[in-house]
Amino acid sequence: MQVSEGKVVAIKYTLKDDDGDVVDSNQEGAPLPYLHGARNIVKGLETALEGKQAGDQVAVMVPPADGYGEWMPGMEISVPRDRFPQGENLEPGLRFQAPTKNGPHVFTITEISDENIKADGNHPLAGENLHFEVEVVEVRDATQEELDHGHVHGPGGHHH
Ligand code: ZN
């Protein structure tokens, strides 16, 4: 069965940056299932997996435009420290969701001082080339419910 829109695809992947450092990987764990065509994964990787089948290996370099986007200036915010819950273990790299005029958005803490927390609204991998090595482990038809929801249910997916 080939990877195409409406299939549930389980993958093992390693993601490296331009320096060859591993940014993310699930080689040691369970394969990651996603719903193909629903943008559960970045566009460039989805395109590269189109037409593949179980057992296929794919190596692809995804540029920012097809990955997590270009790094945008002006997405940095500064929040008074006392707006965060007391006792919370705040540190650079920690991510939190905050309301914006365009709806909830995820920010990553970049700097902490006594008065202020600085955070960046760009995805941590914005502006980065994504070097993926992927093995297709399984391809199956999605259930109607999965298609309706736009994501995978069951092991490795959503439970609800
Ligand atoms: Zn669901």
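Contact here means heavy atoms within 4.5 Å. The model is a predicted one.

**Stop 1: a loop residue.** Select Asn 26, which sits in the loop between β2 (22-25) and β3 (32-35). Show its surroundings: leaving aside residues up to four places away in sequence, Asn 26 touches Ile 11, Lys 12, Tyr 13, Pro 31 and Leu 32. Its side chain also reaches the backbone oxygen of Ala 30, at 3.3 Å. Is Asn 26 buried or exposed? Its relative accessibility is 11%, so Asn 26 counts as buried, the cut-off being under 20%.

**Stop 2: the zinc ion.** Select the zinc ion and display the side chains of His 149, His 151, His 153 and His 160, which coordinate it. The donor atom is ND1 in His 149 and NE2 in His 151, His 153 and His 160, at 1.9 to 2.2 Å. Angles among the four donor atoms run from 96 to 126°, and the site is tetrahedral. In the sequence panel, look for the donor spacing H-x1-H-x1-H-x6-H. Now colour by accessibility: His 153 is buried at 14%, whereas His 160 is exposed at 67%.

**Stop 3: a sheet.** Select β5, β8, β7 and β6, in that order; they form an open sheet of four strands with antiparallel pairing. The edges are β5 (76-80) and β6 (95-100), each pairing on one side only. From one strand to the next, the twist averages 45°. Zoom in on β6 and β7 (residues 103-112): six bridges join these antiparallel strands. Finish at Phe 96, which stands opposite Phe 107 in β7.

Definitions and conventions: Residues numbered from 1 in each chain as written. Predicted model: local features only at pLDDT ≥ 70, side-chain atom pairs only at ≥ 80, totals over all residues. Heavy atoms only, no water. Helix = DSSP H or I, 4+ residues; strand = E, 2+ residues; numbered from the N terminus. Buried < 20%, exposed > 50% of the residue type's maximum accessible area, 1.4 Å probe, protein only. Polar contact = N/O pair within 3.5 Å; in protein donor to acceptor, adjacent residues only side chain to side chain. Donors = N, O, S within 2.8 Å, 3.2 Å for Na, K, Ca; no water. Tetrahedral: all angles 85-135°; square planar, octahedral: opposite > 155°, others 65-115°. Pairing = 2+ DSSP bridges. Axes fitted to C-alpha atoms, helices over the stretch in contact; angles between N-to-C directions.
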